[in-house]
Amino acid sequence: MRQAIEKRIQELLVSSGPRLLWVTCQGVKKYPELAALIPARPEEARDCDSCRGTGRIEALPQIICRCGGVGWIVPGEAGPLGAIG
Ligand SMILES: [Zn+2]
């Protein structure tokens with residue numbers, strides 16, 4: 001049952017775009033159990049250019065990367081800061 005709910009939430013996070021994914025990634029820092037809700041990397045995703053797939057920007061640790069912290073982006077989707085090429 002729990003797995004079914006988690007799967008449904010993951011689907012919603014993917015379909016709603018990076019903004020909600022971004023929020024979830026930030027929530028994991030405070031509530032580690034939320035990590036179960038972060039969806040697996042889609043096949044069409046590519047490494048985030050800004051953080052090189054790490055999910056964070058070394059020089060600016062206080063800045064949240066445009067990928068939302070997952071380290072990958074889906075081409076064509078709008079990120080928290082606007083469209084991603
Ligand atoms: Zn990134």
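**Secondary structure, core and loop geometry of the predicted model**

The chain comprises 2 helices and 4 strands. Read from the N terminus, these elements follow the order α-α-β-β-β-β. The model is a predicted one. Of the 85 residues of the chain, 20% are classed as buried. Among contacts with a sequence separation of 6 or more, 48% involve residues 24 or more positions apart.

Helix 1 covers residues 2-16. At 1.5 Å a residue, its 15 residues should span 21 Å, and the computed distance of 21 Å between its end C-alpha atoms agrees with this expectation.

The largest nonpolar core contains 11 residues: Leu13, Leu21, Trp22, Cys25, Leu37, Cys48, Cys51, Cys65, Cys67, Val70 and Ile73. Helix 2 (residues 18-30) makes the greatest contribution to this core, supplying 3 residues. In soluble globular proteins, nonpolar side chains tend to be buried together. Cys51, one of the core residues, is in contact with Arg56, Ile57, Cys65, Cys67 and Gly71 when neighbours within four places in sequence are left aside. Of these partners, Cys65 and Cys67 also belong to the core.

Arg52 is located in the loop between strand 1 (46-47) and strand 2 (72-73). The phi angle of Arg52 is near 55°, a positive value in a residue other than glycine. With 12 other C-beta atoms within 10 Å, Arg52 is exposed, because a residue counts as exposed at 12 or fewer such atoms.

Notes: Residues are numbered from 1 along each chain as its sequence is written. This is a predicted model: local features need pLDDT of at least 70, side-chain atom pairs count only at pLDDT 80 or more; totals for chains, interfaces and linings use all residues. Two residues are in contact if their C-beta atoms, placed from the backbone, lie within 7 Å. The expected span of a helix is 1.5 Å times one less than its number of residues. A nonpolar core is a set of buried Ala, Val, Leu, Ile, Met, Phe, Trp, Tyr and Cys residues joined through C-beta atoms within 7 Å.
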